[in-house]
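Here is a set of questions and answers on one protein chain. Keep the coordinates open while reading.

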Amino acid sequence: MTIDESGPLGGSRRSFLQTAATGIFGSSLLGSAAATGIEDQYRTVVDVTDAGADNTGTQSVSSDVQSLIGDDTLLKFPSGRYVMDEQVRLTGFENVGLVGADATLVPADYDEFDGPQYRLFRLGVSYSPGKDIRVENFTVDQRGANTGIRAFEITASDGLLVRDVTIVGRHDSGTWGPALFRITDSGGSGRVERFRAADGGAWETETPGSLWRGPTGILAAQIEGTLRFNDCVIDDFPDNGLYATGSGTVEVTGGAFHNSGTVNVRMDTDSGHITGSEFVVDDPSWYHRAQVPIRFQDGSWFDVQNVSIELTQPNGDAIQFKSGAGGGAISDSTIEIRNEPATGVLVDPSAGPTYLDGVDIDIDASANAIRIEGDDDGEVIVQDGRISGGASGQVLRHAIRCERDHCEFRGITMDQWGGSERSGLALTGRDYMVYQCEFRTTDRPLTIAGDDVWVEDCYCNSYSAQESVLLGSTANSIRLKNNGFPDGIEDNGASEVLATGTSY
């Protein structure tokens with residue numbers, strides 16, 4: 001059976017408008033036309049309060065829900081507060097739904113919950129997954145002291161749908177983070193929409209539990225198929241915001257990811273895609289640990305499109321392609337770096353071919369806007385982007401430093417007006433093309449220390465009247481065609497330099 005994903009991105013225009021009218025935080029589906037459609041998909045439909053579950057927040061409903069949940073069954077949770085003090089578990093299921101209507105789940109505190117299985121729902125396990133599972137419209141209230149729980153751990157072969165779950169209150173129990181999702185079938189898929197955990201979690205030393213570091217916002221673990229996250233909000237978790245692993249694909253569309261350490265969105269999957277999301281680091285709180293917005297690692301392909309990254313209090317690089325990332329691309333995105341040094345885009349030595357198209361980086365701190373590290377694991381092409389800002393150049397002085405062979409820089413506009421040591425593009429490997437770029441920096445705009453470099457239709461100007469171009473003693477086979485270098489060329493012993501149509 002395939003779940004009918006009525007609503008945004010999965011239904012008719014009418015159903016989309018009905019859902020949009022309720023606002024981004026959702027509202028009751030029960031009692032509506034949409035609810036009727038959902039109920040028709042299940043053999044058994046149960047109102048948990050009609051079956052005896054308490055919705056006044058007085059008595060635990062864990063045992064009631066455990067007795068009611070089962071195959072081909074929809075559990076409806078009317079308005080109210082539902083206290084839970086032990087895990088509800090179901091494995092090997094098919095076609096199960098949990099749908100709330102202004103329903104709030106209230107976990108017992110650390111001492112009163114029946115540990116060590118600190119979960120509200122564990123639905124499916126890796127060796128016995130479920131299929132076709134729907135969870136919608138719940139608030140999880142963990143504002144009480146020493147609360148915080150894994151609200152939903154769901155393992156499905158296919159047909160996972162989670163919508164409009166909001167975690168309220170800081171996760172300060174020292175137990176697992178709010179959610180874990182798995183897709184176990186390579187042909188399976190799932191979708192998580194508007195999962196919000198904006199109040200974050202506490203560091204382990206501030207909690208009664210012993211979870212190392214503290215909770216992760218969302219774990220997408222051992223993904224074999226495709227799992228999509230739409231318009232999710234994850235903020236201020238100590239051990240990653242969204243962390244995805246597996247041999248499948250994870251897609252992140254929209255949403256906001258703020259201030260989590262070590263990484264806000266980390267993907268160790270075969271492939272990953274991030275589109276239209278917002279990343280902010282403005283509170284470096286995690287004991288001076290990194291808070292990297294995006295990291296890709298150990299997969300074949302990753303890409304980023306139309307994202308904004310704002311690092312007003314940076315505590316790590318903005319985007320990292322780590323060794324093991326087979327290749328990737330960033331397009332039509334903006335990065336702002338203030339106050340503390342942080343690299344905008346880092347390509348590690350063993351990361352594969354990487355492409356930047358239309359990436360604008362505004363950097364005031366003294367660091368590389370783009371750093372491309374050595375080893376010949378594939379080309380890097382940077383084109384049609386802008387680098388601006390007042391970085392001083394006191395450390396990591398070049399706006400772009402490239403140590404890798406076979407790279408191209410096309411249509412780049414650079415304006416670095418900060419301290420006197422700020423330089424532009426440095427090339428230390430071999431086989432480069434620099435084409436139709438315009439560099440203005442306080443120190444030398446272009447430094448060439450490598451071999452086989454072609455520079456054409458470029459303009460390089462130094463605010464401090466340093467030379468436009470520095471040719472190092474190791475530079476060899478340099479071709480300069482139709483360029484404007486008004487501050488001249490400093491040649492420290494380069495060999496085979498040919499300049500044609502170039503003024504300097």
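The questions below concern a predicted model and go through strands, rings, the core and charged pairs.

Q: Which residues make up the covered face of strand S37?
A: In a regular strand the side chains alternate between the two faces of the sheet. Strand S37 spans residues 438-441, and its uncovered face holds Glu438 and Arg440. The covered face is Phe439 and Thr441.

Q: What is the bridge partner of Thr441 in S40?
A: S37 runs parallel to strand S34 (residues 413-416), with four bridges joining them. There, Gln416 has Thr441 as its partner in S37. S37 also pairs in the parallel sense with strand S40 (residues 459-462), over four bridges. In S40, the partner of Thr441 is Ser462.

Q: Is the aromatic pair of Phe257 and Phe279 stacked or edge-to-face?
A: The structure holds 11 aromatic pairs. In the pair of Phe257 and Phe279, the centres are 5.5 Å apart and the planes 25°. Planes under 30 degrees apart count as stacked. The pair of Phe257 and Phe279 is therefore stacked.

Q: How many residues apart in sequence are the parts that Phe257 and Phe279 tie together?
A: Phe257 is buried at 1% relative accessible area, and Phe279 is buried at 1% as well. Phe257 lies in strand S18 (residues 256-258) and Phe279 in strand S21 (residues 278-281), so the parts tied together are apart in sequence by 22 residues.

Q: Why is the pair of Phe296 and Phe321 classed as it is?
A: The ring centres of Phe296 and Phe321 lie 5.3 Å apart. Phe296 is in strand S22 (residues 292-296) and Phe321 in strand S25 (residues 319-321), 25 residues apart. Both Phe296 and Phe321 are buried. Their planes stand at 45°, so the pair is tilted.

Q: Which residues have the most contacts inside the largest nonpolar core?
A: Nonpolar side chains tend to be buried together in soluble globular proteins. The largest nonpolar core here has 116 residues. Beyond four places in sequence, Phe195 is in contact with residues including Val162, Ile167, Phe181 and Ile234. The residues with the most contacts inside the core are Phe181, Phe195, Phe229 and Phe409.

Q: Which side chain is joined to that of Thr249 by a polar contact of 2.6 Å?
A: Thr249 sits in strand S17 (residues 249-253). At 16% relative accessibility, Thr249 is buried. Among its contacts beyond four places in sequence are Ile223, Leu227 and His273. The polar contact of 2.6 Å is with the side chain of Ser271.

Q: What is the distance between the closest N and O atoms of Arg119 and Glu153?
A: Side chains of opposite charge can pair when their charged atoms come close. Arg119 and Glu153 form a salt bridge. The pair links strand S7 (residues 119-123) to strand S9 (residues 150-156), and both residues are buried. The closest N and O atoms are apart by 2.8 Å.

Q: Is Asp348 buried or exposed?
A: Lys322 and Asp348 meet in a salt bridge at 3.3 Å, N to O. Lys322 is partly exposed at 21% relative accessible area. Buried means under 20%. At 9%, Asp348 therefore counts as buried.

Q: Which residue forms a salt bridge with Arg430?
A: The closest N and O atoms of this pair are 2.8 Å apart. Arg430 lies in strand S36 (residues 430-435) and its partner in strand S39 (residues 451-456). Arg430 is partly exposed at 35%. Its partner, partly exposed at 29%, is Asp452.

Terms used
Residues are numbered from 1 along each chain as its sequence is written. This is a predicted model: local features need pLDDT of at least 70, side-chain atom pairs count only at pLDDT 80 or more; totals for chains, interfaces and linings use all residues. Side-chain values use heavy atoms; hydrogens and water are left out. Buried means under 20% relative accessible area, exposed over 50%, partly exposed in between (1.4 Å probe, protein chains only). Helices (H or I, at least four residues) and strands (E, at least two) are DSSP runs, numbered from the N terminus. Two strands pair if DSSP finds at least two bridges between them. Rings of Phe, Tyr and Trp (its six-membered ring) pair if their centres lie within 6.5 Å; planes under 30 degrees apart count as stacked, over 60 as edge-to-face and the rest as tilted. A nonpolar core is a set of buried Ala, Val, Leu, Ile, Met, Phe, Trp, Tyr and Cys residues joined through side-chain atoms within 4.5 Å. Contact means heavy atoms within 4.5 Å. A polar contact is a pair of N or O atoms within 3.5 Å; within protein, one must be able to donate a hydrogen and the other to accept it, and residues adjacent in sequence count only if both atoms are side-chain atoms. A salt bridge is a side-chain nitrogen of Lys or Arg within 4 Å of a carboxyl oxygen of Asp or Glu.
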